[in-house]
Amino acid sequence: MLRCLSSLRLFSVVAAVVVAVVVHASTVVELTDENWEDATKGRAIWVKFCTSSCHHCKQMHIAWERLGDEFAAANDPPNNVVIGRVNCDVEQKLCERFEILGTPTLLYGNPHDLQEYGGEKDFASLKAWAKEVLVPYCSPDNIAACSESEKQQMDIWMNQEISLEEIDGMIQSVLDREEVVQQEFQARVQELQNHHDSLLNDHTLHCAAIQRHVQLLKHVKDFVRHSSKGVVVDAVQ
């Protein structure tokens, strides 16, 4: 009878644990082609693209769920950061859109300019990296993340009612300036390298002259030690 009661208690505990796991709502957002725009608009996102047959996807499942819980609890204001998942078995169109060639693939950042994550996939690594990188970005959809200067600049652009072509031209202009900055930087680096090479050459010549002087003194010392006269002046004369 006692054994039956113990077994019953054990069964009850196990059942409670199973129920708790089952009813735990995932905080990872299931992203689809249909809800993508609404779910990611104005937010920093990190998305795991996976398939049901992917072994590594299954290995990191718990870590990804924990990451979702972590950001769901920390988001203030809520939904600034989205930890998401895309099932490529179902959402083939969405996975093709982002050129997913293998799973798991982790893409992060601005939904309109996602970058691929290539780091470790354990929970500690994911959490540490996400805390540093997944921050809300300034955009017309997320004004709260903008600085005052960014808000003012955005107001100017929006009030001008500029066309897409004009925006493309502005982007290219900024990229051109970046190219100039890079070229100036490389030129400066080359100047420093040339200066370094010159200093190194002078240093080498000075060290060589010092070593020759030391060697000469050692030769003189050796000569004096073995000279019967014992005086350098007499030996030279």
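User: Two strands pair if DSSP finds at least two bridges between them. How many bridges join β2 to β4?

Analyst: This is a predicted model: local features need pLDDT of at least 70, side-chain atom pairs count only at pLDDT 80 or more, and totals for chains, interfaces and linings use all residues. Residues are numbered from 1 along each chain as its sequence is written; side-chain values use heavy atoms, without hydrogens and water. Helices (H or I, at least four residues) and strands (E, at least two) are DSSP runs, numbered from the N terminus. β2 and β4 run antiparallel, and the number of bridges joining them is 5.

User: Which residue of β4 stands opposite I45?

Analyst: I45 belongs to the β2 face that also carries V47 and F49. Across in β4, its opposite residue is G109.

User: In which sense do β2 and β3 pair, parallel or antiparallel?

Analyst: Their pairing spans 7 bridges. W46 is partnered with I83 of β3, and C50 with N87. The sense is parallel.

User: Which β3 residue is the bridge partner of E30?

Analyst: Strand β1 covers residues 29–30 and pairs with β3 in the parallel sense, over 2 bridges. The β3 partner of E30 is R85.

User: Which residues point the other way from A44, W46, K48 and C50 on β2?

Analyst: In a regular strand the side chains alternate between the two faces of the sheet. In β2, 7 of 7 residues are buried, where buried means under 20% relative accessible area, exposed over 50% and partly exposed in between (1.4 Å probe, protein chains only). Both sets on β2 are buried, and the set facing the other way is I45, V47 and F49.

User: Why is β3 called largely enclosed?

Analyst: Its burial count decides this. β3 is largely enclosed by the rest of the structure because its buried residues number 6 of 7.

User: Which backbone oxygen does the side chain of T105 reach?

Analyst: T105 lies in β4 and counts as buried because its relative accessibility is 9%. Beyond neighbours within four places in sequence, T105 contacts (heavy atoms within 4.5 Å) V47, K48, F49, I100 and E116. At 2.4 Å, its side chain reaches the backbone oxygen of G102.

Technical notes:
A polar contact is a pair of N or O atoms within 3.5 Å; within protein, one must be able to donate a hydrogen and the other to accept it, and residues adjacent in sequence count only if both atoms are side-chain atoms.
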